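Subject: Structure handover

Hi,

Here is the structure for you to pick up. Please open it first, then read the notes below.

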Amino acid sequence: MAKDWVLKEANKLIDKYEFSTPYELIEELGINLQWFDLGTNIMGYNTENNRIPTIVLNTRMDDHAATSVAYHELGHYKCHKGINTNFFTRNSLKHMQMGYESEANLFMFKLLFKDKSNITDANKYKILDYYSLPHWMAVYFDKI
């Protein structure tokens, strides 16, 4: 069963703010966004220093991957405040459907796709490829 509270958090943002990119939403929420070369494995992470929330994204990602990672990290910020979470890495893209990473993935899917009206069995894997997401994540389409 989907984590209803995660979807509620995402829906609050969708209802309250007008945004078409995660960067607009991050700015609206007063979160510092930084871009660094994080190597080939780390895609992004979030942190808080002196009560200043920051999302850090890797400059080596294309725009579509950066969009999905930004929403994922925003999910950690909104749903896991005060909890240390792992870096979003290419290795962490393995099949995980429980815990904090699963919740951040669900949050990401809700903000990326809002509803699934344009998602079909015929195009869902192309959509995942577009955002550089692994095909096993197709299960999240059924949860939003």
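The model is a predicted one.

On that basis, the protein chain has five helices and four strands. From the N terminus, the order is α-α-β-β-β-α-β-α-α. The chain has 144 residues, and 47% of them are buried. Its accessible surface is about 8000 Å², with 47% belonging to carbon and sulfur atoms. Among contacts with a separation of 6 or more, 60% join residues 24 or more positions apart.

Next, helix α3. This helix covers residues 63–79. Its 17 residues should span 24 Å at 1.5 Å a residue, and the end C-alpha atoms are 24 Å apart, so the two agree. Of those 17 residues, 14 are buried. At the helix start, a side-chain oxygen of aspartate 62 comes within 3.0 Å of the backbone nitrogen of histidine 64.

Then the aromatics. The whole structure holds nine aromatic pairs. In one of them, the ring centres of phenylalanine 109 and phenylalanine 141 are 5.1 Å apart and the planes sit at 70°, so this pair is edge-to-face. Phenylalanine 109 is in helix α4 and phenylalanine 141 is in the segment after α5, so the pair ties together parts 32 residues apart in sequence. Both residues are buried.

Ring pairs also link a cluster: Phe109, Phe113, Tyr130, Tyr131, Trp136, Tyr140 and Phe141. Lysine 143 lies over the face of tyrosine 140, 5.1 Å from the ring centre.

Best wishes

Notes:
Residues numbered from 1 in each chain as written. Predicted model: local features only at pLDDT ≥ 70, side-chain atom pairs only at ≥ 80, totals over all residues. Heavy atoms only, no water. Helix = DSSP H or I, 4+ residues; strand = E, 2+ residues; numbered from the N terminus. Buried < 20%, exposed > 50% of the residue type's maximum accessible area, 1.4 Å probe, protein only. Contact = heavy atoms within 4.5 Å. Areas by Shrake-Rupley, 256 points an atom, 1.4 Å probe, with all protein chains shown as cover. Expected span 1.5 Å × (residues − 1). Polar contact = N/O pair within 3.5 Å; in protein donor to acceptor, adjacent residues only side chain to side chain. Phe/Tyr/Trp six-rings, centres within 6.5 Å; stacked < 30°, edge-to-face > 60°. Lys NZ or Arg CZ within 6 Å of the ring centre and 35° of its normal.
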